[in-house]
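Please look over the sequence and the model shown below before reading on. The report after it is meant to be read with both at hand.

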Amino acid sequence: MPTEKHQSHWRAHALLLVVLVAMIYPMVWLVGASFKPENQIFSTMNPLPLVFTFANYVSGWTATGTSFTVYLANSMTVSICTVIANVASCSVAAYAFARLDFAFRRFWFAVMLGTMMLPFQATLIPQYAIFYQLNWINTFLPLVVPYLLAYDAFFIFLMVQFIRGIPRELDEAAALDGAGHVRVFFSVILPLLRPALLTTTILTFIWTFNDFLRQLVYLSDHSRYTAPLGLNAFVDRASGSSYGGMLAMSVVTLVPTVAVFLISQRRLVEGVATTGIK
Amino acid sequence: MSENSGTAVLDPPVTEPQAAPVRRKRKRHKHNLAGYGFLAPWLIGLFAFTLIPMVYSLYLSLTKFNLLTAPQWIGVENYTRLFSDERYLQSIKVTLLYVVTSVPLKLAAALLVAVALNRGLKALGFYRATFYLPSLLGASVAVSVMWRQIFSRDGLVNQFLGLFGIQGADWIGDPRYAMWTLVLLSGWQFGTPMLIFLAGLKQLPQDLYEAAAIDGAGRFTVFFKITLPLLSPMVFFNLVLETINAFQTFTPAYVISNGLGGPIDSTLLYTLYLYLKGFGSMQMGYASAMAWVLFAVIGLFTAVYFWSARRWVNYAD
């Protein structure tokens, strides 16, 4: 019996190691290749560069005619604004759903859950037409403003679930002390909601930073391009030449999200495991 | 910590039973005001960015609309045209193929790895985080660029096959294979469902396993007769979620095919074609009709899942 258990452990380990290599190898190769001279990128499977060079980063950084500094700054602006808007608006809505008793609450809650199932394509064209009328095309407004109004119901749901776990006695104690709903929300709920707010912050940042279709549709000037659009412009232009620069800029656009992941991975993995995230 | 202090305040002396309803009524009124106050941002957003656009989209789908001139009413013509549009039918074929292959692949990988991880490994945290990372980054342009290079004619995959003397194909450039690189990319991102399976596995009652061990059941019997049925709610949840996601896949198809869905429309996923129609050739009425059909198809899939769930999803309580 102990030997069998030992053996199965060994087999599980072997399987996991194979999967691990398959998962990591592409990413290690990408990073390694970005530091290789152009002519050595496809000549070997060895992910480590024999000759180490920054040339790809130097040439890639301005290869589209606009600096990646601009693209990254735009991405950071959009992502940070979206995070702030999303955290603020979703927590307010979540408080209403989780704690306040008002007419048609169940109905609106069902509607909110329903919007989570809605494919974004269903609203892509009409939203564009509306933002076009407002003269918002080629600005960051169409990307950020919806999040000021709790557009992504998923995060409302996440916070509702969390608030339901906070003992109601705390609100009621504060209410007995004369606190109104606004005070209860700010001084009781928000501080205790911190773990959910952090999960929301991390996921919103990563998803917004990596989002492509919406940014592709709304932004048309290189000066407004975000990192994914800049990289895509590079791919369009490069096709055939300058693989090194393209791979180097791929790494550059991944760095902010990977950094956020590394800092927060423990909390994030726990959060996903317990709430079940897309 | 604070639970105790809270209950002391809460437990109200049960006096004046008649006073309660009156107080509740007044309180309810107050909550209405506060409730809708707190709900207002979401409600405004719901109408502005979801409900009104959806009604507008339904109207646009019955018109000819290029954004610059006013929509022109043409009735159901967009919908009837869809079914004589060769490229549209091709995009449906490609998308269905993508959904029915990538979703099972992803879920099978997720389940397999989750079961392997669920043995009290010391490095569990490391494995979990590493396997999760690709699903977090998978939708990015950078990962698609990487994938394109790995499967290019002289990329990593063909170099690896070369070690065994196999001459690999031009995976991205060959219409027979391009689609499968997208399916594999989706399979590579099994991290999210894996985490959900892992959380489910941790909660399975151990006594069933002990009973099975006493009965001398083999590992496969245990997996298929005990683990899988107990895990079926998680399978269901992941199946619904991943199917909806798969129908909406855009970025990898766009990047790998240079935004065209090629070679010869073999990677023309639904959303990519919708984008090309709506924003490439500005046929926004037509694209709106496409969006509504997609909405209906996803709704149909979800309905079938929920309907079939009664037969195979095991709700213990």
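## Kind of model

The structure is a predicted model.

## Domains of the two chains

Chain A is assigned two domains, with domain 1 at residues 2-53 and domain 2 at residues 61-275. Contact between them involves seven residues of domain 1 of chain A and six residues of domain 2 of chain A. On the side of domain 1 of chain A that touches domain 2 of chain A, four residues are nonpolar, one is polar and two are charged.

Chain B is also divided into domains: domain 1 covers 14-60 and domain 2 covers 80-312. The centres of domain 1 of chain B and domain 2 of chain B, taken over C-alpha atoms, are separated by 38 Å.

## Annotated spans of chain A

For chain A, an unreviewed UniProt entry lists the feature "transmembrane region" at residues 12-35, 47-71, 107-131, 143-163, 184-209 and 243-263. Two of these spans can be described further. Residues 107-131 of chain A are 88% helix and 0% strand, with 29 Å between the end C-alpha atoms. Residues 143-163 of chain A are 81% helix and 0% strand, and here the end C-alpha atoms lie 28 Å apart.

## Annotated spans of chain B

For chain B, an unreviewed UniProt entry gives the feature "transmembrane region" at residues 33-59, 96-117, 129-147, 177-201, 222-241, 253-276 and 288-307. In the model, residues 33-59 of chain B are 100% helix and 0% strand, and their end C-alpha atoms are 34 Å apart. Residues 129-147 of chain B are 84% helix and 0% strand, with end C-alpha atoms 21 Å apart.

The unreviewed UniProt entry also carries the annotation "domain: ABC transmembrane type-1", which covers residues 92-305 of chain B. This span is 74% helix and 0% strand, and its end C-alpha atoms lie 20 Å apart.

## Where the chains meet

How many residues of chain B are in contact with chain A? There are 84 of them, and they touch 79 residues of chain A. Helix 2 of chain B, residues 19-60, gives the most to the side of chain B that touches chain A, namely 21 residues. By class, that side of chain B has 56 nonpolar, 23 polar and five charged residues.

## Helix 3 of chain A and its partners

Two packed helices are described by the angle between their axes and the distance between the axes. Helix 3 (residues 68-99) of chain A and helix 6 (residues 141-148) of chain A have axes that come within 7 Å and cross at roughly 15°. Angles under 35 degrees count as roughly parallel, and helix 3 of chain A and helix 6 of chain A are therefore roughly parallel to each other. Their crossing is left-handed. From helix 3 of chain A, the residues in contact are A:Val78, A:Cys81, A:Thr82, A:Ala85, A:Asn86 and A:Ser89, and they meet A:Leu143, A:Val144, A:Tyr147 and A:Leu148 of helix 6 of chain A. Seven of the residues in this contact are nonpolar, three are polar and none is charged.

Helix 3 of chain A also packs with helix 7 (residues 153-164) of chain A, at an angle of about 50° and with the axes 8 Å apart. That angle makes helix 3 of chain A oblique to helix 7 of chain A. The crossing of helix 3 of chain A and helix 7 of chain A is right-handed. Among the residues of helix 3 of chain A in this contact are A:Asn86, A:Cys90 and A:Arg99, while helix 7 of chain A brings residues including A:Phe155, A:Met159 and A:Arg164. This contact has eleven nonpolar, two polar and two charged residues.

## A helix pair in chain B

In chain B, helix 4 (residues 86-117) and helix 11 (residues 219-247) pack at an angle of about 145°, and their axes are 9 Å apart. The crossing of helix 4 of chain B and helix 11 of chain B is right-handed. Residues in the contact include B:Thr95, B:Ser102 and B:Lys106 of helix 4 of chain B, and B:Asn238, B:Glu242 and B:Phe247 of helix 11 of chain B. By class, eight residues of this contact are nonpolar, four are polar and two are charged.

Technical notes:
Residues numbered from 1 in each chain as written. Chains lettered and ligands numbered in written order. Predicted model: local features only at pLDDT ≥ 70, side-chain atom pairs only at ≥ 80, totals over all residues. UniProt positions renumbered as here; feature names shortened; annotations may be inferred. Helix = DSSP H or I, 4+ residues; strand = E, 2+ residues; numbered from the N terminus. Contact = placed C-beta atoms within 7 Å. Nonpolar A, V, L, I, M, F, W, Y, C, P; charged D, E, K, R; others polar. Domains from an automatic or database assignment. Axes fitted to C-alpha atoms, helices over the stretch in contact; angles between N-to-C directions. Parallel < 35°, antiparallel > 145°, perpendicular 65-115°, else oblique. Left-handed = near helix turned anticlockwise from the far one by under 90°.
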